[in-house]
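Open the model in your viewer and keep the selection tool ready. Each stop says what to pick and what to look for.

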Amino acid sequence: MSSSEVEYLKTQLAIARSEIKNLRQQLSNLQHMHTKEHQNILKLLADYRCEGCQEKQQLNGCSNKTEIIATNGDEADAVCQFKPIGVIKTVFNDKRAVPRQASLASALLSRIDISSSTFNNPAHSLEGLENFSHLWIIYHFHRNPNHAKAKVAPPRLGGERVGVFSTRSPHRPCPIGLSLVQLDRVEDSKVFFLGTDMVDGTPVLDIKPYIPQYDVPVNMKEAEFLNSREAPDGEETSLQDKKPAGSVNSQPVPAVTVPNWVLNSSSLNVVFNTNAESQLQELQIEKNSIVDVLKADPRSVYLRTKYGSQIYTFRLGEHTVTCKFDDQNTTVTVLQIRDVENFQDFTGEGCLSAE
């Protein structure tokens with residue numbers, strides 16, 4: 001056997017060993033996913049309600065109350081109870097692959113159903129909301145475990161832990177979520193919005209219109225410009241009474257700053273193989289809805305660091321998406337898109353397809 005043949009066999013052996021290593025990593029990842037799915041099935045069985053009971057719970061009051069413990073100095077702890085005003089309907093049936101911020105999934109259309117037990121005529125509570133372009137949604141992280149940690153590990157810090165109040169982590173002592181979304185339309189007692197970072201069935205505590213004059217930090221020059229415009233809610237005086245730039249008592253507004261790790265975001269290149277492209281056409285799925293979920297890397301720090309490049313599967317509404325991460329080339333390839341068997345459309349109207 002010649003030396004070139006020996007070198008060729010060595011090369012083939014190295015390739016085979018590399019493939020075996022990749023297969024072992026994928027098998028380990030699949031075992032982890034199987035364990036998680038098994039836990040989810042057990043939880044679903046424990047929390048199972050018939051269709052009528054579930055609809056009554058979600059649409060007629062969301063009977064579970066949110067309790068928030070508040071401490072005021074040396075006074076005894078006070079319990080504040082909030083009854084949800086409605087429920088959020090999204091394409092995410094569980095927490096897996098839910099975008100970390102609403103702005104990362106701007107192509108996903110979701111909705112809020114205002115409960116008829118909140119108001120006799122819930123549609124009246126939404127009159128005038130259509131005049132705003134964006135909304136703040138305040139909601140309850142109802143699927144989170146009932147234990148808070150003082151330190152958490154944000155995905156962008158690669159496992160390093162910081163104080164929970166310096167992050168947007170959903171694991172908080174008071175499990176309250178806050179998302180800025182774009183209003184799509186209002187229909188009767190339903191609010192449709194673009195931008196989703198909540199799971200299906202999330203209880204809503206409040207809805208507030210987004211107002212730049214109040215919600216965006218501005219410098220004095222910008223404030224002077226805003227003062228010349230009519231403010232909403234009949235509060236023109238409070239805005240116009242601000243001192244203009246250059247006056248004796250005016251103070252510059254401090255610059256808006258955030259830590260470097262917050263700005264250190266990475267965007268993956270999302271590609272679709274031939275099979276996935278044909279399935280997109282066949283199932284009539286909006287491509288951007290999948291791209292928005294994957295480009296921000298929905299994997300946890302644990303999965304990303306322990307298993308590296310891997311097969312990853314998540315559910316998006318009535319479809320299951322399977323993809324493969326290539327961390328070395330910062331690329332994720334969508335391999336397959338399938339219908340979920342025995343899936344029941346939760347919208348009844350097909351309202352969650354991106355428009």
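The tour goes from a sheet to its helices and then to charged pairs.

This is a predicted model: local features need pLDDT of at least 70, side-chain atom pairs count only at pLDDT 80 or more, and totals for chains, interfaces and linings use all residues. Residues are numbered from 1 along each chain as its sequence is written, and side-chain values use heavy atoms, without hydrogens and water.

**The sheet.** Select β11, β14, β13 and β12: in that order, these 4 strands form an open sheet with mixed pairing. Strands are DSSP runs (E, at least two residues) and helices likewise (H or I, at least four), numbered from the N terminus; two strands pair if DSSP finds at least two bridges between them.

Now zoom in on β11 and β14 (331–339). They run parallel, joined by 4 bridges. Val 270 stands opposite Val 332 in β14.

**The helices.** Helix α7 lies across β11, β13 (319–326) and β14, at about 45° to β14. Angles run from 0 to 180 degrees between N-to-C directions, with axes fitted to C-alpha atoms, for helices over the stretch in contact. Next, α8 (287–295) touches β11, β12, β13 and β14; contact means heavy atoms within 4.5 Å.

**Charged pairs.** Which residue does Lys 287 meet in a salt bridge? Glu 277, at 3.0 Å, N to O. A salt bridge is a Lys or Arg side-chain nitrogen within 4 Å of an Asp or Glu carboxyl oxygen. Lys 287 is in α8 and Glu 277 in α7, so the pair ties together parts 10 residues apart in sequence.

Finish at Asp 113 and Arg 111, a salt bridge at 2.7 Å, N to O. Both Asp 113 and Arg 111 are buried (under 20% relative accessible area; exposed is over 50%, partly exposed in between; 1.4 Å probe, protein chains only).
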